[in-house]
Structures are given as C-alpha cells and as structure tokens.
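Me: I am new to this structure and would like a close look at a single part of it. Please take me through that part slowly, and then show me what lies around it.

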Amino acid sequence: MLIEHAKIMKALAMAGEIVGRKKLQKMIYIAKKMNFPFYEKFGFHFYGPYSEELTLRIEELCNLGFLHEMKEKKGGYFQYRYTLTEAGEEFLSHYDIDMPHLEECMQDMNEKNSRFLELVSTILYFENLSKEEVKEKIVSLKSKQRYTEEEIEQAYAYIEQLRSKAKKHIHM
Amino acid sequence: MAYPGGQLSEEKVFKDPVHRYIHVRDKLIWDLIGTKEFQRLRRIKQLGTTYLTFHGAEHSRFNHSLGVYEIIRRIIDDVFVGREHWDHSERLLCLCAALLHDLGHGPFSHSFEKVFHLDHEDFTQAIILGDTEVNKVLRRMGDDFPKKVAEVIAKTYKNKLVVSLISSQIDADRMDYLLRDAYYTGVSYGNFDMERILRVMRPREDQVVIKRSGMHAVEDYIMSRYQMYWQVYFHPVTRSAEVILTKILHRAKKLHEDGYSFKTKPVHFYSLFQEKVNLEEYLRLDEAVILYYFQEWQNEADSILSDLCRRFVNRNLFKYVEFSPTNEQMKKLLELNALFKKAGIDPEYYLVVDSSSDLPYDFYRPGEEGERLPIYLLMPNGELRELSRESVIVDAISGKRRTDHKLYFPQDFIDDLSTKRATKKKIKEILEG
C-alpha cells in the first residue's frame, strides 16, 4: 500500500537533496528507463519527458509532511529544493525497499545539471529511433537549448555508463 | 498532398448531443471512421466506471473522438483559415490527429494500465504505425503521413502550434470531454461557452493564444475543469468501483500465477498477465469481453475473485473513510491490517488506500519552471500575458491543495463479523475514529 509513494521517497533519500522540479522529473524518468521499477506515466512536454502523476505524488508527499519543499526565487522563476523529512524517514521505515544500484545512479545523476539530464532523458525518450533521427529530433524540438554535437555524444556515453551501473537485477 | 477521392460528393453529418452536428467532408476522415480500429472505440466507455455513480455516463470514446475532430475542424475552417502563422497544408494532419488521439485506449484503461503496466499512448502509436486498417488509410496520403499523425499525438511533431491544438491547457480534447462528460453525467457545472472560446482563439508561431476579450469565457472553462475533477472524475464512489476492478485484475493474475484452475479460463488475459501484449491481442479486448469474464467469475470457486466480481457486477461497492497516511494513521492502518487478518478478511484485497495521484488527473496550474505551457492572453497592444496574472478567478484556484486519500473497505463484511465481536468492535473503532 502506497508502495509507489515509498519508492519515490526512497529515491529521494538516496539522492540526498534534489534541486529543481525539472531535475527531479528527469532523474526518475531516467531511472525508469534504466529498468528500475517506477511506474509513473511520462509524456513528452516542453522540457522533455514529464509525468503529471509524479508531480501530484510529490505534492501529496509534501502535504503529508514527508518531503520538504523549499521554494526560492531565482531570476525570473521559482526553484524548488526537495529533501526527506524526519516524518518521511519514519514512513519509509514501514517499507522494505531494496534497490541498491539505484543509489549509485541517483547520486551520479544528481551531480549533473538539469540541462544535461533534459538531453539524456530526451535521447532515452526517442531510443527506438536511430542516432541520426534522434539528433534531428533534438534540433527540431530543443532548438532553444542549442545542444552541441559534443553534448549529445557525452549524453550517449553517459547513458551507457549509467546502464552498466544499473544493469544488475533489482530486488524488491 | 492530396487524398485519393479528396472531398466527398456530399457532406456526411453525425447527429451529436453536444455539438449538434459533426460534419465530414473529407474522404480521408470518412474512411478512418470506417476502420475496425476506430469502430472498436464504440465498445469502450469514455468514463470507465463512472456509470456506476452517474448512470448516464455510458458514452463511448467513439463519441468523444468525433467531438474532438469536430472542434478542431471548426477552429481550422472557421477561425484559423487565412490567418498569419497558420499553415493550411497542416489541416488534414490536424483533423486525423484529433480523430485518432485516443485510438489506443483499452477497456477500463486506467485500472488495466496500472495493474499490467501498459500505456494506451503506446498502443495509439502502434495502431497508427502498425499493420492496421487505420495505417493503410493514412498511407494513402503518403508513406510518412502515419508517422506525422503519430508525432502530433505524441507531442513530438515539429510544428508546435499543431500540437497545441490537440494537447495543451485549453485544447480540443479537454473542451470536448468537459462538455460531453457534463452532458452525459447530467451535472450542470461542466458547461462553458465553447463557441465564444473558439471565436477568440488565435494562432501564434508556437501555440494557440486567446484574445483578451475572451478571458471570461476561459475563466468559465477553468472553473468547469476544477468542478468536474472534484465532483465527477474524483468521485469517491467511482473510485470505489475502480478499486474493486483493480483488485479483480490483481486476484485473477495471482490465481493464474499460482496455477489455479479457472472454470472460465482467462484466455484474453494470458498475455496481459505476462505483460507481453501484442497489438492483435490488445485490439481483441473491449468492455464486453471484460464484463463477460466478470459475469462468469462470479461462479468461481475462489471466494475472493467471485466476491469481488459480484461486487462489481451488482454494484455492491466498498465504503470509504477519509485517510491521510501520516505516520500516526499508518500505525492505525497496520493495526487494521492485523485485525482484518484475524477476522479472516484478506487486507490485500479488502483494505485499500486510494490516492489522488492514482487517478487520471489534469487540471489547470500555471507552468512552474515552465514544464506545462500556460494559457496566454493576447492583449490589445499585441503583448502576451499569462492568464493567472490577468484573471483574479484563475489566480485564486491556481496552486491550491489538490491531493486526497481515502481508505476503502467492505462494510458488509465487517457488519457480518458476529462471531468475532471484539475484533469487529476494534475495527469499527479505528474506522470510525
């Protein structure tokens, strides 16, 4: 019961603090694409894969006092910082969720910036297309981000690196 | 690009209770409506289990799909044609995407997707791109036309204006389902002046915007959405039916995995249980098929499966209490879990927390960090202003608490615990808490 909520909390606890809603969305999406058992539905939005279900789940966890959301003004927009609260840790203690390789992946992703994770998640969203087609998609859908050829190559390399970290079986 | 046959020699019309008439002039659209994959949508209800709460809500995804098509047709043919930023060569692409946007929905989609980890949007893509009648019709426009239609629906098409017509905060999909769902459920709060909104829509490079003079009509639309979500879509009785439906699917899957011998074998479910459903198998599913199994499974030897099916078929639903899963409440839930087991009621199937994030959800919030594109008003001086900055009403409901949790249980089972009075008393104390 509420296992999907608990999994999100576990992922956040593993990452420590996540700065930015966009970053949080992309990290969970990428983890899902690495075959970790997250079942929130994602569709393609303006910054790449996005899940309204995940947004609402985070909001529920904040309302319950399990996650702390700190809103700070940054330039022309608001930025949000997420951490697990003590009540959240207690809630999580009701569950036995064992996803050891997720921790490495979450921490690794957390060190990247949201611009890069947006690119990585977009590539993963179009993973059924050829590399050339993916590049065309990035140019046509992400024209404002002006990703360079080098960044795209780095993102592909990063996906492989993350896959090798996540490749062992996940036990729940 | 021209479709063989072009326009029909005589316009076809469908009588529709929401839009009065749905007009079809293009042979391409007429041929798509006639495909077996599109006709299948007649056998899938738009609102799933809502008919168990609002008995009028028996309308299908077929009605809604035609409605979305008609709204887009009116926007393009009556408002956008000849305006700057609008490329009229995209007309048929838009109409096809509007008509086919829900093509991959299955029976009781929401519960099925949750239990079997499916995504109807993947099946929409598969039907449009696969070996289907729909694909054959679309390909008469050109080999890459199905791919373009699929991209518009997946929101990955390069022309963002076209995408925003089908999918944005104020799109044809939402406008049709609000009006249609309000009509069929019989509620009065889903209505708004769609004709007015259509008249004030203007194409821009990347999206549709609304003339400032139409702001009040948009406010009405936003309020309708807000009301419909809380009063119809999140209705606790509908959620009770969804909970039971979900548990039936879980139970059937568990029994299959345990090697249980069904009297009525779940032939249509085998690939679902394995989470390896191909397109052909998926298209064989509709509500008639699923309800046949539920009807038959009332007579299964497994008491949980038969009871859950009886509850669904006869609308003997679970009762509910408000439940906020704080740590204190979670302790009570664990206690209830133990008491249910002691009473011989399996809590796995009969004690269920349902959260608002478990529901199909979608109401207005401005795009924090820009993730969702907000509604923009076109001011008389040509500037664009975000709606909630201009509208006091929209600002008032933006960012408000919108989460809700309920605990569902079979009241009749608890009432019947006459030989376990102490357990019954404790359960009631906690639930009535």
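Reply: In this predicted model, chain B holds an open sheet of 3 strands, whose order is 5-9-6 and whose pairing is antiparallel. Strand 5 (319–322) and strand 6 (352–355) of chain B are the edge strands, and because each has a single partner strand, one side of each is left without a neighbour in the sheet. If direction is ignored, neighbouring strands of this sheet are turned by 30° against each other on average. Strands of a sheet in general pair through backbone hydrogen bonds, in either a parallel or an antiparallel way. Here, strand 5 of chain B pairs with strand 9 (residues 405–409) of chain B in the antiparallel sense, and the pairing runs over 4 bridges. Within this part of the sheet, B:Tyr320 stands opposite B:Tyr408, a residue of strand 9 of chain B.

Chain B is divided into domain 1, covering 7–234, and domain 2, which is made of 236–358 + 404–432. The C-alpha centres of domain 1 of chain B and domain 2 of chain B lie 33 Å apart, and the contact between them takes 25 residues from domain 1 of chain B and 22 residues from domain 2 of chain B. On the side of domain 1 of chain B that touches domain 2 of chain B, helix 5 (109–116) and helix 6 (120–129) of chain B each supply at least two residues. The largest share of that side, 6 residues, comes from helix 5 of chain B, and the residues of the side as a whole divide into 12 nonpolar, 8 polar and 5 charged.

From helix 5 of chain A, the residues A:His101, A:Glu104, A:Cys105 and A:Asp108 meet A:Leu162, A:Lys165 and A:Ala166 in helix 8 of chain A. By class, this contact of helix 5 of chain A with helix 8 of chain A has 3 nonpolar, 1 polar and 3 charged residues.

Note on methods: Residues numbered from 1 in each chain as written. Chains lettered and ligands numbered in written order. Predicted model: local features only at pLDDT ≥ 70, side-chain atom pairs only at ≥ 80, totals over all residues. Domains from an automatic or database assignment. Contact = placed C-beta atoms within 7 Å. Nonpolar A, V, L, I, M, F, W, Y, C, P; charged D, E, K, R; others polar. Pairing = 2+ DSSP bridges. Axes fitted to C-alpha atoms, helices over the stretch in contact; angles between N-to-C directions.
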